[in-house]
Amino acid sequence: MDLTKNRIKNSIIIFLICLAVHAFEVLVIRTDETVVAECFINKVFGVILLFVVLHMLNMSWRNIGFVKERFLSDCLRGFGICAVFYSIGFLIEFMILNMQNNPGHIEFFVTGFSLTGNVVKQTGIGFVVLCIFFNIINVWMEEGLFRGFYITYISEEHSKKTALFIAALLFGVWHLVTPFRSVLDGEMTIGVFVVMSIGYMILSALMGIKWGLLYEMSGTIWIGLADHFFNNCVVTNLLHVVTATGVDELQIARVLIGELTSFIFVVIYAKKRLHS
């Protein structure tokens, strides 16, 4: 396989290999339904495959944005972006709950993001450590592949805009496996699956564009990776809004507000920077 030519086709082949492993783990192994509570095998596989591909192309991790000198400063920027815009999401969520006469409060425990509203609550330092560890692997693989590698790799043969949108599209498709399992398990009808999948894919693609723009503007992977980590680990897995009637009943609204407001901010900032 000549990785120096037909880069879009090669990118799709690499994606399909990772997607097959991802689907097998989610649909068959179901690691997230075990005590581990996270599908991590496909992410480890993706990191290993990325090692191999980079070696075949005589590239290093630094070539795809893993610049160690910028690690701390850019991670702080990424954490800051997520904290600011998700604060807006939490604030609006509490306002809506109060208007519904169902006030909520924040609790700290481990659980996973669920499209169907099912919540498995885990406490204990061991679960927190595992949650952080698996989320590090998750963002390492997804940011390394979908932003660092794809955008760098494809843009050497096509425009940066083309590379950005292809990477974002693949990232959107990547997130369809989980809702598809909900259909197989009878937790979601076909109609709901179609609507949910379209929305989920669009949101994931927009997040991919946001993190891709951050990568292109900064030249490092760290800002997007830190924002991605904070989003997944802290906002989704560790911090939860609990009311008298349930847990994270408005989580979808919180995610939409946090991600869409940060997406708009990054796009506006990117446009101003490009025209300055």
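Which helix gives the largest share of the nonpolar patch? Helix α2, spanning residues 41-56, does, with 5 residues.

## The nonpolar surface patch

Please keep in mind that this is a predicted model. The patch covers about 520 Å² and is built from Val 44, Ile 48, Phe 51, Val 52, Met 56 and Trp 140. Trp 140 belongs to helix α4, residues 125-155. With a relative accessible area of 31%, Trp 140 is partly exposed, and patch residues need over 30%.

## Aromatic pairs

How many aromatic pairs does a search of the whole structure find? The search turns up 21 of them. One of these joins Phe 265 and Tyr 269, whose rings are 6.3 Å apart centre to centre. Their planes are 20 degrees apart, so the pair counts as stacked, the cut-off being under 30 degrees.

Both residues sit in helix α9 (residues 251-275), 4 residues apart, or about one turn of the helix. Phe 265 is partly exposed at 41% relative accessible area, and Tyr 269 is also partly exposed, at 43%.

## A ring cluster and a charge

Ring pairs also connect Phe 15, Phe 146, Phe 149, Tyr 150, Tyr 153, Phe 171, Trp 174 and Trp 211 into a cluster. Phe 171 has a further contact: the charged end of Arg 147 sits over its ring, 4.2 Å from the centre.

## Leu 169

Is Leu 169 buried or exposed? Leu 169 is exposed, because its relative accessible area of 52% is over the 50% cut-off. Leu 169 lies in helix α5, residues 160-174.

Terms used
Residues are numbered from 1 along each chain as its sequence is written. This is a predicted model: local features need pLDDT of at least 70, side-chain atom pairs count only at pLDDT 80 or more; totals for chains, interfaces and linings use all residues. Side-chain values use heavy atoms; hydrogens and water are left out. Patches are made of residues with over 30% relative accessible area and no salt bridge: like charges are joined within 9 Å, nonpolar side chains (Val, Leu, Ile, Met, Phe, Trp, Tyr) within 5 Å. Accessible areas come from the Shrake-Rupley method with a 1.4 Å probe; for residues, only the protein chains shown count as cover. A salt bridge is a side-chain nitrogen of Lys or Arg within 4 Å of a carboxyl oxygen of Asp or Glu. Helices (H or I, at least four residues) and strands (E, at least two) are DSSP runs, numbered from the N terminus. Buried means under 20% relative accessible area, exposed over 50%, partly exposed in between (1.4 Å probe, protein chains only). Rings of Phe, Tyr and Trp (its six-membered ring) pair if their centres lie within 6.5 Å; planes under 30 degrees apart count as stacked, over 60 as edge-to-face and the rest as tilted. A charge sits over a ring if NZ of Lys or CZ of Arg is within 6 Å of the ring centre and within 35 degrees of the ring normal.
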